[in-house]
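User: Can you walk me through this one? I'm new to reading structures.
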Amino acid sequence: MARAAISRHDFATDAAIGEGGVRRLFATAYAGGFHAAMLTAAIAAFLTAALLVMVLAPAEARSTRQARQQA
């Protein structure tokens with residue numbers, strides 16, 4: 001019924017499931033979209049952190065080595 005209401009703009013299905021049903025469908029869709037967005041953000045954050053560790057760790061080791069050689 002929800003697909004019919006969205007894809008065909010068939011608002012008779014809204015009446016069939018009632019206002020409470022429409023609200024539940026909206027809340028479920030909203031929560032699903034929010035979860036997908038948060039999962040995507042978490043994956044991007046972890047990938048960025050891994051990239052930073054891969055780039056900055058060798059640079060830190062080089063600077064430590066150079067400091068030891070100069071001392």
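Analyst: One term before we start: a residue is buried under 20% relative accessible area and exposed over 50%, with partly exposed in between. Also, keep in mind that this is a predicted model.

User: OK. Is Phe26 buried or exposed, then?
Analyst: Phe26 is exposed, because its relative accessibility is 59% and the cut-off for exposed is over 50%.

User: And Tyr30, buried or exposed?
Analyst: Tyr30 counts as exposed too, with a relative accessible area of 58%.

User: How many aromatic pairs are there?
Analyst: The count is one aromatic pair. It is made by Phe26 and Tyr30, with ring centres 6.0 Å apart.

User: Why is that pair called stacked?
Analyst: The ring planes sit at 25 degrees, so the pair is stacked. The cut-off for stacked is under 30 degrees.

User: Where do Phe26 and Tyr30 lie?
Analyst: Both are in helix 2. They are four residues apart, which is about one turn of the helix.

User: New topic. How many helices and strands does the protein have?
Analyst: It has two helices and zero strands. Helix 2 covers residues 12-70.

User: What share of the protein is buried?
Analyst: Buried residues are 6% of the 71 residues.

User: Which residues form a nonpolar patch on the surface?
Analyst: Leu51, Leu52, Met54, Val55 and Leu56 do. Together they have about 520 Å² of accessible area.

User: Where is Leu51?
Analyst: Leu51 is in helix 2. Phe26 and Tyr30 lie in helix 2 as well.

Definitions and conventions. Residues numbered from 1 in each chain as written. Predicted model: local features only at pLDDT ≥ 70, side-chain atom pairs only at ≥ 80, totals over all residues. Heavy atoms only, no water. Patch = residues over 30% accessible without salt bridge, like charges linked within 9 Å, V, L, I, M, F, W, Y side chains within 5 Å. Areas by Shrake-Rupley, 256 points an atom, 1.4 Å probe, with all protein chains shown as cover. Salt bridge = Lys/Arg side-chain N within 4 Å of Asp/Glu carboxyl O. Buried < 20%, exposed > 50% of the residue type's maximum accessible area, 1.4 Å probe, protein only. Phe/Tyr/Trp six-rings, centres within 6.5 Å; stacked < 30°, edge-to-face > 60°.
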